[in-house]
Structures are given as structure tokens and as C-alpha cells.
Amino acid sequence: MRRLAITVCVGLVLAACGGNKGSKQLEGTWRGLGADGVSADAQGNANQFAQTMQLEFKGDSLTVTANGTKQQSPFRVLKEEKTMVQILPGTDTEGQPETFTMVDDSTMRWQVSGTSTITFRKQN
């Protein structure tokens with residue numbers, strides 16, 4: 001009985017502290033495939049840049065690699081639905097939310113600006 005009470009207390013503390021941080025849908029490593037929603041004359045450069053990108057979500061940490069440069073930041077989930085996850089990177093509550101649309105279990109699109117997106121494929 002005492003062991004059960006301790007287990008329940010630990011579970012409540014973890015839940016109160018946000019023990020389930022991050023997003024199960026985003027968890028893992030994602031490689032950029034290409035860009036959409038850019039002008040025809042910018043398409044080649046946008047695709048080339050997108051293909052250098054990698055996003056790695058681990059718990060509530062995001063590592064972005066682009067053109068060989070890595071940046072790591074904490075994030076928190078603002079909204080999560082079946083086909084969309086919105087996060088706030090960093091610790092700044094005034095930052096810009098980032099939106100990821102889940103196309104399927106292994107493909108997602110990152111809304112970079114207005115109509116521009118980068119498509120990613122999940123790595124195994």
C-alpha cells in the first residue's frame with residue numbers, strides 16, 4: 001500500500017511539472033526535402049537550402065541544422081492536434097510560434113512564412 005501511495009505521488013508531481021514535455025508527433029530526426037510557396041526564380045535556391053536542413057526533436061529540445069550550422073533550443077508545445085503541432089521555441093514567451101503540419105507519419109511541413117513551407121521526411 002505504501003509503495004502504491006509513493007507511485008501515485010510521484011506521478012502527480014511529474015504531471016504537475018509537465019513531465020510529458022515535447023510532442024510525440026515531432027519526436028525524432030527530420031531531413032529537409034524541398035521548399036514550396038516561393039517564386040519560380042527562387043525555387044532552386046530554396047530547395048537547395050531546404051535540403052541542407054535537419055530538425056531533431058528530443059523531449060522539449062529542438063536542434064536545427066542548416067548549412068552545417070547547429071543551434072539547439074528548448075521549446076514548448078502551444079497546440080497539438082492530429083495533423084498540426086504549434087510550438088514556441090526558446091524560453092521567451094513573446095517569441096514567434098512555429099507551425100508544423102503533419103502530412104502523414106513520416107512527412108511534415110514547416111510553415112516558414114505566409115505561404116512558404118519546407119517539407120521534411122522523418123529519418124529512421
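Me: How do the strands run in the barrel?
Reply: In this predicted model, eight strands make a closed barrel in the order E1-E2-E3-E4-E5-E6-E7-E8, and their pairing is antiparallel. Neighbouring strands of this sheet are turned against each other by 35° on average, with direction ignored.

Me: And which strands does H2 touch?
Reply: H2 packs on the sheet, where it touches E1, E3 and E8, and its direction makes about 175° with that of E1.

Me: Over how many bridges do E3 and E4 pair?
Reply: The pairing of E3 with E4 is antiparallel and extends over six bridges. Ala66 stands opposite Thr69, which belongs to E4.

Me: What sits in the loop between E3 and E4?
Reply: Asn67 has its place in that loop, and although Asn67 is not a glycine, its phi is positive, at about 50°.

Me: Is Asn67 buried or exposed?
Reply: Asn67 counts as exposed, because its relative accessibility is 54% and the cut-off for exposed is over 50%.

Me: Switching to the inside, which residues touch the most other members of the largest nonpolar core?
Reply: That core has 19 residues, and those touching the most other members are Leu26, Leu55, Phe57, Ile87, Phe100, Met108 and Phe120. At least two residues of this core come from each of E1, H2 (43-51), E2, E3, E5, E6, E7 and E8.

Me: How many aromatic pairs are there?
Reply: The structure holds four aromatic pairs. One of them joins Phe57 and Phe75 in an edge-to-face arrangement, with 5.5 Å from centre to centre and 90° between the planes.

Me: Where do Phe57 and Phe75 lie?
Reply: Phe57 lies in strand E2 and Phe75 in strand E4 (residues 69-80), so the pair ties together parts that are 18 residues apart in sequence. Phe57 is buried, with a relative accessible area of 1%, and Phe75 is also buried, at 4%.

Me: What about Phe57 and Phe100, how are the rings arranged?
Reply: Phe57 and Phe100 form an edge-to-face pair too, with the centres 5.6 Å apart and the planes at 90°. This pair links distant parts of the chain, since Phe57 is in E2 and Phe100 is in strand E6 (residues 98-104), 43 residues apart. Phe57 and Phe100 are both buried.

Me: Which residues form the aromatic cluster?
Reply: One aromatic cluster is formed by Phe57, Phe75, Phe100, Trp110 and Phe120.

Me: Back to Phe100, what is it in contact with, leaving aside neighbours within four places in sequence?
Reply: With those neighbours left aside, Phe100 is in contact with Leu26, Leu55, Phe57, Thr83, Met84, Val85, Ile87, Met108, Arg109 and Trp110.

Me: Last one, where is Asp60?
Reply: Asp60 is in the loop between strand E2 (54-58) and strand E3 (61-66).

Key. Residues numbered from 1 in each chain as written. Predicted model: local features only at pLDDT ≥ 70, side-chain atom pairs only at ≥ 80, totals over all residues. Heavy atoms only, no water. Helix = DSSP H or I, 4+ residues; strand = E, 2+ residues; numbered from the N terminus. Phe/Tyr/Trp six-rings, centres within 6.5 Å; stacked < 30°, edge-to-face > 60°. Buried < 20%, exposed > 50% of the residue type's maximum accessible area, 1.4 Å probe, protein only. Core = buried A, V, L, I, M, F, W, Y, C linked by side-chain atoms within 4.5 Å. Contact = heavy atoms within 4.5 Å. Pairing = 2+ DSSP bridges. Axes fitted to C-alpha atoms, helices over the stretch in contact; angles between N-to-C directions.
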